[in-house]
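Student: I would like to learn how to read a model of this kind, feature by feature. Could we take the general idea each time, and then the case at hand?

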Amino acid sequence: MTQRPTGPTPNGLTYAQAGVDIDAGEALVEAIKPLAKATRRPGADAALGGFGALFDLKAAGFTDPLLVTTTDGVGTKLKVAIESGRHDTVGIDLVAMCVNDLLAQGAEPLLFLDYYATGKLDVETARRVVSGIAEGCRQAGAALVGGETAEMPGMYGEGDYDLAGFSVGAVERGAVLPRLEDQRVGDLLIGLGSSGPHSNGYSLIRRIVERSGLRWEAEAPFEHGKSLAEALMAPTRIYVKSVLPLLKAGLVKGGAHITGGGLIENPPRCIADGLAAEFDWDAWDLPPVFAWLQQMGGVADHELRRTFNCGVGFMLIVAPEDAEPVLAALLNAGETAFICGQLAKG
């Protein structure tokens, strides 16, 4: 018969000695509870601590909804955050990459969960990251209902961490985007200004910065008064509150979140067969950050446009007669918005 151990054995190891600090994990949970609570919205109470999260679609005002799910990360922008010690806004990036994708399907963001993985948990760094996640959720109107913090000794270098995000949204059955059957030659493309590279192309950005010889604390050559790290860490813009009313009003035929693949590969995902995006590249000025990256890196126009958003973080497809009210609404909501092209035969 196997005997059960009755107490500690000589030279017995603990989880902490193996590199995992359970107390630190519990301290982080307590630190982020008020952050999650502040994201409460109808349908979710944002309580942490259970094994799962519930959401009441009826309480959120939906009648016949479809659920839409997205997941994404922040990519090697995290290396800039880690090397420069700027951890407060990557959480906004994480939320934005997920909820803007929901928006492109016509969906309203409801829930958000995060995954934070590191070799050794630094409670203050993690708290700053999650604080950014909570801010992103507030901007998107989504409830931060849970997540996972994984401390994995030996998996990551000292000070390194990784992030992944998961979001759930809902859209009424008849309002799913894109509305491919409604798209026509001559429909207009409306661009919504980005805040910078958002969370894409940072492997190339880091190579260009290396070529420039500049340190992260040096003044940004393209933005006076800011360090290079501060300028390049500008968080991804979240378009939910400005675009969602237009979707609910039926004024949008398609939407594209301009992420990896830039303005070359993302628009076709929301355009009907036989049509193509015809951009007027002179309709807006290339933001200084992209001009500097292009010049310093010797990046060709096509490569720039298929790697970065080039100043257009989100794109809408609208009928010509709806362009004026859509532009007016976006400008009133604080967006930089402009007609950037049209649909043509393709």
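Student: Which strands does helix 4 lie across, and at about what angle does helix 4 run to strand 2?

Tutor: Before the angle, a word on the source: this is a predicted model, in which local features need pLDDT of at least 70 and side-chain atom pairs count only at pLDDT 80 or more, while totals for chains, interfaces and linings use all residues. Residues are numbered from 1 along each chain as its sequence is written, and side-chain values use heavy atoms, with hydrogens and water left out. Helices (H or I, at least four residues) and strands (E, at least two) are DSSP runs, numbered from the N terminus. Axes are lines fitted to C-alpha atoms, for helices over the stretch in contact, and angles run from 0 to 180 degrees between N-to-C directions; contact means heavy atoms within 4.5 Å. Here helix 4 lies across strand 2, strand 3 and strand 4, and runs at about 170° to strand 2.

Student: In what order do the 4 strands of the open sheet come?

Tutor: Two strands pair if DSSP finds at least two bridges between them. In this model the order is 1-4-2-3, with mixed pairing. Strand 1 (65-73) and strand 3 are at the edges with a single partner strand each, so one side of each has no neighbour in the sheet. From one strand to the next, the twist averages 15°. Strand 2 (residues 108-118) and strand 3 are paired in the parallel sense over 8 bridges, and Tyr115 is opposite Glu148 in strand 3.

Student: Where does the kink lie in helix 1?

Tutor: The bend at a residue is the angle between axes fitted to the seven residues ending there and the seven starting there. In helix 1 a kink of about 30° is found at Ala31, shortly before the proline Pro34. As for length, the expected span is 1.5 Å times one less than the number of residues; helix 1 (residues 22-37), with 16 residues, reaches 23 Å from its first C-alpha to its last, close to the 22 Å expected.

Student: Which residues of helix 1 are buried, and what do they pack against?

Tutor: Buried means under 20% relative accessible area, exposed over 50%, and partly exposed in between, with a 1.4 Å probe and protein chains only. Ala24, Leu28, Ile32 and Ala36 are buried in helix 1, and the buried residues of this helix pack against helix 4 (123-140) and strand 3 (143-151).

Student: How many residues of strand 8 are buried, and how is the strand joined to others?

Tutor: In strand 8 (residues 312-318), 7 of its 7 residues are buried. Strand 5 is joined to strand 8 by 6 bridges, running antiparallel, and Gly193 has Val312 as its bridge partner there. Strand 6 (residues 254-257) also runs antiparallel to strand 8, with 4 bridges, and His257 has Phe314 as its partner.

Student: Why does Asp187 count as buried, and which side chain does its own meet in a polar contact?

Tutor: Asp187 counts as buried because its relative accessibility is 2%. A polar contact is a pair of N or O atoms within 3.5 Å; within protein, one must be able to donate a hydrogen and the other to accept it, and residues adjacent in sequence count only if both atoms are side-chain atoms. The side chain of Asp187 makes such a contact of 3.0 Å with that of Lys253. Asp187 is placed in the loop between strand 4 (161-172) and strand 5 (188-193).
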